[in-house]
Amino acid sequence: MYKEEQVFSAPEVMVDTPMHFCPGCHHGIIHRLVGECLTELGLVDSTICVGSVGCSVFIYNYLRVDAVESPHGRAAAVATGVKRARPDNFVFTYQGDGDLAAIGLSEIVYAANRGEKVSVVFVNNTVYGMTGGQMAPTTMVGQKTTTCAGGRCQERDGAPLKMAEMLASLEGTAFSARVAVDSIPHLKKAKKALRKACEVQIQGRGLGFIEFLSACPTNWHMTPLQANARISKELTSYFPLGTYKEPDHTQE
Amino acid sequence: MRSERILVKGNEAIAMGAMAAGCECYFAYPITPQSDIPEYLSTALVEAGGEFIQAESEIAASNMLLGAAACGKRAMTSSSSPGISLKQEAISYMAGSDLPAVIVNICRGGPGLGSIDPSQGDYYQATRGGGHGDYRTLVLAPSTCQEAYDATIEAFDLAFRYRNPIMILGDAILGQMKEPIHPWKTRGRPAGEAEEWSLSGAKGREPRLLKSLYLSEGALAGHHAHLVEKYRTMQDEARGEHVWTEDADLVVVAYGSIARIAKSTVRTLRAEGYRVGLFRPVTLYPFPSPDLAGLAARGKRFVTVEHNTGQMVDDVRLAIRRHADSELLTVYPGVLPNPEDFEHPIRRLMDTENQPEEARHV
Ligand SMILES: Cc1ncc(C[n+]2csc(CCOP(=O)(O)OP(=O)(O)O)c2C)c(N)n1
Ligand code: SF4
């Protein structure tokens, strides 16, 4: 006879409902990590989530927190307004690579440079997912998409943007890291980094930025396992995992 | 309570009105001829403990406004024509998400970069929503510095009454002229304003969501039904100023700075014995159509005077269509008209039944 014992459950803040993401998509895992961090840091009651445009637009369907939608790319500006209006609340944005690195590049650079005390979850899946797999600012050179059928050409399209590195160079960025959730060890590191991206806000140090290399099996035309393998084999060589900026503890 | 009179620019009157109304957050990007507003508030609002940000662009400023509005703060942005175009994306989102905000447009000449000269070229943009989608913003059109001050205070109340973006539409004449105003103390921000719906963290209550996305079948139609009902109740705010319209044969219709200049013309012509009056829409949306329709039903003739190539005349014609039509006298953007410029064309209109061709523009 088995004795049933629950050893793994969703954090309270997560709504118990099927997600709309494609099989193998990492958005769901990243949502969960966000939910875990909010719970563990005791932020659920004080959080205001700033949604964006892209496959993650329904984040408010999965997290029991106050939320506002922002126009495509503008989440960092909306979050600025929210945080300035309610400095005592915990504020985070959740944005894709098309959203943050293309149309919203100016907003994130300036929010980071001002040192806005918000946390930014950046999901880099190297394509525009929701609109059907067009080229993103993070699409790899040679990667085929619906708007670069022959593969991204650096001469024509430029090189993929490295946001974690770029934002780390700004004074107002308190924490910047790139992580992945393609394997258990990576996932554990990702969770730690996400916590730090949240903690720097709580400590009032500045903007916390965390870039997730994320799978989009649908638009990569891969199985979920192949997509995971692409992250560890191909993406991490151009987008190295690691922490690019963190608070200097010696100064405390 | 009214106090001493002080001499200020129209732009400063707006900034002071915002302070009097309890504005808590203000976001902007410099553009002539409205930069006195951010300059004033960068000190006054910060000293009062509010939030001032000079954003990196009008796009960012209006999205910061969206964020502060979602938190139920009394928040404002200001700009001028090209900047307002950039703000329209967020204004559309705020309208779609039922968010209160005050947006000031000190209009300049266009299209494109145009010039910093006075113009009323943004009438369509202001009164037809301006951004994408089917929405409206309530539009106030002050014509004096005192009215600019009063309208700004009123705009905050209206924004929260309707949970909607409110626009103050001025122009370079209003923004840059100086005249005495009576600043007055408002009763301040009503207690608990926005507590029912704004975001503050879901402590002890269900989470709140402010959004404009309605994907499931029929949901967007339902949202529009709600918006239409809101715009219907807003019609109560429609109003205009009547100057000698009662016994007038010809009613000049003009708003903002041009109405003020036209008022001088009307005064001169009255002295000459012409039975001419002025109707000045104070709200441009909702348009005070019932007032105009009433005048038309009593057999008046109309001429619309505008500082553009003819925009408000559409609303005038719609309002009076059952009884009359309106002539159009336009002043091209970039020209600063004098009251005398309107005298000849209006006299000709009153002396002849038909509008002479040269009366079309000054
Ligand atoms: C102003 C504007 N431009 C374009 C779009 C269309 N659009 C919706 S989602 C999207 C791309 C989102 O891609 P990404 O941010 O990478 O997120 P993902 O879907 O991959 O998670 C685009 C271009 C829009 N909604 N608004
Ligand atoms: S399209 Fe890509 S990013 Fe969007 S849900 Fe599917 S797998 Fe995820």
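Let me start with disulfides, meaning pairs of cysteine sulfur atoms within 2.5 Å. A search of the whole structure finds zero of them over all chains. Take B:Cys145: its sulfur is 17 Å from the closest cysteine sulfur, in B:Cys107, and that is too far for a bond. B:Cys145 also counts as buried, because its relative accessibility is 0%. A:Cys22, at 37% relative accessibility, counts as partly exposed. For those words, buried is under 20% relative accessible area, exposed is over 50%, and partly exposed is in between, with a 1.4 Å probe and protein chains only.

A note on the source: this is a predicted model, where local features need pLDDT of at least 70 and side-chain atom pairs count only at pLDDT 80 or more, while totals for chains, interfaces and linings use all residues. Residues are numbered from 1 along each chain as its sequence is written, chains are lettered from A and ligands numbered from 1 in the order in which they are written, and side-chain values use heavy atoms, with hydrogens and water left out.

Now the contact between the chains. Contact means heavy atoms within 4.5 Å, and here it takes 31 residues from chain A and 35 residues from chain B. The area buried between them is about 2600 Å², with 61% of that from carbon and sulfur atoms. Buried area is the accessible area (1.4 Å probe) that two parts lose on being put together, summed over both.

There are four salt bridges between chain B and chain A, a salt bridge being a side-chain nitrogen of Lys or Arg within 4 Å of a carboxyl oxygen of Asp or Glu. A:Arg114 forms a salt bridge with B:Glu56, and the closest N and O atoms are 3.0 Å apart. On the side of chain B that touches chain A, H3(B) gives the most, with eight residues. Helices (H or I, at least four residues) and strands (E, at least two) are DSSP runs, numbered from the N terminus.

Next, A:Arg74, in the loop between strand E2 (66–68) and helix H2 (75–85) of chain A. Is A:Arg74 buried or exposed? With a relative accessible area of 8%, A:Arg74 is buried. Leaving out residues up to four places away in sequence, A:Arg74 touches A:Ile103, A:Glu107, B:Ile59, B:Asn63 and B:Glu89.

Last, helix H1 of chain B, residues 10–20. Eight of its 11 residues are buried, so H1(B) is largely enclosed by the rest of the structure. Among them are B:Ile14 and B:Met16. After H1(B) comes B:Gly22, with a positive phi near 85°.
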